Amino acid sequence: MPGIRETRFLPYTCEQMFDLVADVGRYGEFLPWVVATRVRSDSETEMVADMLVGFKAIREKFTSRVEKKRPERIEVFYVDGPLKDLDNLWVFTPAPGGCEVNFCVDFQFRNAMFERLAGQYFDRAFRKMVGAFETRADELYGNSNSSAQTVA
């Protein structure tokens, strides 16, 4: 299954980054291609949510179950949608002056040929989405003045 891994240092607390990522209901305000979200259920440890994503005339709905362990991790499990599978994990680790954010996503298309063709675009799309979270953190918690770094 193709996957994307990204690690970044951000000058914000783990709690701040956890809260930003866990606030699924506001994704439409800052994430590219997110048309709408609907949180079906939400507790301190678990959420079920729908996300409508779109590009031009194409619209697809995804349903996910989200396990939350504040402030260390958020794990997202694919429930339903147009793909065969789409799971992701956010891990927030304290670091001097902020936190390290580890993000990984694994996805699998229903059609193997489409997966080969579209996989390269998913990589760019998810990296753009990770950048949108970083920009949103700057807006909510104060501009980092480009102090965020990608860690290899």
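1. Two strands count as paired if DSSP finds at least two bridges between them. Strands (E, at least two residues) and helices (H or I, at least four) are DSSP runs, numbered from the N terminus. By that rule, β4 and β5 pair in the antiparallel sense, over seven bridges.

2. A quick word on what you're looking at: this is a predicted model, where local features need pLDDT of at least 70, side-chain atom pairs count only at pLDDT 80 or more, and totals for chains, interfaces and linings use all residues. Residues are numbered from 1 along each chain as its sequence is written, and side-chain values use heavy atoms, with hydrogens and water left out.

3. Follow β5 through its neighbours. With β4 it makes a hairpin that has three residues between the strands, and Val 66 sits opposite Val 76 in β5. On to β6: four bridges join it to β5, again antiparallel, and Val 76 has Asn 88 as its bridge partner there. The β5–β6 hairpin has four residues between its strands, and Gly 81 takes a positive phi near 155° in it.

4. Now the inside. The largest nonpolar core has 39 residues; such a core is a set of buried Ala, Val, Leu, Ile, Met, Phe, Trp, Tyr and Cys residues joined through side-chain atoms within 4.5 Å, buried being under 20% relative accessible area with a 1.4 Å probe, protein chains only. Elements giving two or more residues to this core include β1, α1 and β5, while α2 provides the largest share, seven residues.

5. Which residues have the most contacts inside the core? Ile 74 and Phe 92. Beyond its neighbours within four places in sequence, Ile 74 is in contact (heavy atoms within 4.5 Å) with residues including Phe 18, Val 66, Trp 90 and Phe 92.

Conventions:
Buried < 20%, exposed > 50% of the residue type's maximum accessible area, 1.4 Å probe, protein only.
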